[in-house]
Amino acid sequence: ASIAFAQLPAIGADLHGGIFFGITTRKDGSHCAAILLPDQSGKLTWKKAMNWAKKLGAELPSRPVAALLFANLKDKLTPAWHWTSDEDDASFAGLCNFDDGHQYSLHKSYEGSVVAVRLIPLTA
């Protein structure tokens with residue numbers, strides 16, 4: 001599924017079962033509407049977090065998407081560390097602190113909080 005740029009609502013409005021929080025660009029250059037899903041999980045390891053999001057038909061936010069999420073929907077987020085989808089190496093992955101926006105890496109066995117996002121491709 002995709003959505004036309006002209007059909008995007010205001011930041012913070014409902015869109016496709018979640019909350020629209022901006023536009024992001026993937027590494028391949030395609031643009032997507034970013035949606036925060038209402039489902040949030042308690043503490044999970046990175047691998048369990050990735051699987052949890054996939055079961056929802058979603059994904060963990062990348063570091064840039066987590067920064068956009070924090071910038072635009074801070075009031076909707078639990079002020080705690082949350083996993084990102086960015087894997088640093090076999091042992092470490094990225095986290096974003098939704099209290100202050102700082103991003104770090106921790107061992108994947110750490111149990112962090114989790115949010116799921118859906119990125120919907122934009123059409124002209």
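A pocket is here an open set of points, on a 1 Å grid over the protein atoms alone, with protein on both sides within 12 Å along at least five of seven lines, and its lining residues have an atom within 4 Å of a point. Grid points are joined across faces, edges and corners, and a volume is the space filled by probe spheres set on the points. The structure is a predicted model, in which local features need pLDDT of at least 70 and side-chain atom pairs count only at pLDDT 80 or more, while totals for chains, interfaces and linings use all residues. Residues are numbered from 1 along each chain as its sequence is written, and side-chain values use heavy atoms, with hydrogens and water left out.

The largest pocket holds about 260 Å³ of space. Its lining consists of 14 residues, and Thr25, Arg26, Lys27, Ser62 and Val65 lie nearest the centre. Two or more lining residues come from each of strand S3 (18-25), helix H2 (63-73), S5 and S8; helices (H or I, at least four residues) and strands (E, at least two) are DSSP runs numbered from the N terminus. By class, the lining of the largest pocket has six nonpolar, four polar and four charged residues, where Ala, Val, Leu, Ile, Met, Phe, Trp, Tyr, Cys and Pro count as nonpolar, Asp, Glu, Lys and Arg as charged, and the others, Gly among them, as polar.

Two salt bridges are found in a search of the whole structure, a salt bridge being a side-chain nitrogen of Lys or Arg within 4 Å of a carboxyl oxygen of Asp or Glu. One joins the side chains of arginine 63 and aspartate 88, with 3.0 Å from N to O. Because arginine 63 lies in helix H2 and aspartate 88 in the loop between S5 and strand S6 (92-97), this pair ties together parts that are 25 residues apart in sequence. Arginine 63 is partly exposed at 22% relative accessibility, and aspartate 88 is partly exposed at 37%; the term covers values between buried (under 20% relative accessible area) and exposed (over 50%), with a 1.4 Å probe and protein chains only.

In the salt bridge between lysine 108 and glutamate 87, the closest N and O atoms are 2.2 Å apart. Lysine 108 is in the loop between S7 and S8 and glutamate 87 in strand S5, so the bridge ties together parts 21 residues apart in sequence. Lysine 108 is buried, at 13% relative accessibility, whereas glutamate 87 is partly exposed, at 46%.

Rings of Phe, Tyr and Trp (its six-membered ring) pair if their centres lie within 6.5 Å, and planes under 30 degrees apart count as stacked, over 60 as edge-to-face and the rest as tilted. Tryptophan 81 and tyrosine 104 are edge-to-face, at 5.4 Å centre to centre and 65° between the planes. This pair links strand S5 (residues 81-87), which holds tryptophan 81, with strand S7 (residues 103-107), which holds tyrosine 104, 23 residues apart. Tryptophan 81 is partly exposed, at 25% relative accessible area, as is tyrosine 104, at 44% relative accessibility.

Tryptophan 83 and tyrosine 110 are likewise edge-to-face, at 6.1 Å centre to centre and 70° between the planes. Tryptophan 83 belongs to strand S5 and tyrosine 110 to the loop between S7 and strand S8 (112-123), 27 residues apart. Tryptophan 83 is buried at 0% relative accessibility, and tyrosine 110 is partly exposed at 30%.

Note on methods:
1 Å grid on protein atoms, 1.4 Å probe; cavity = no way out; pocket = protein on both sides within 12 Å on 5 of 7 lines; lining within 4 Å.
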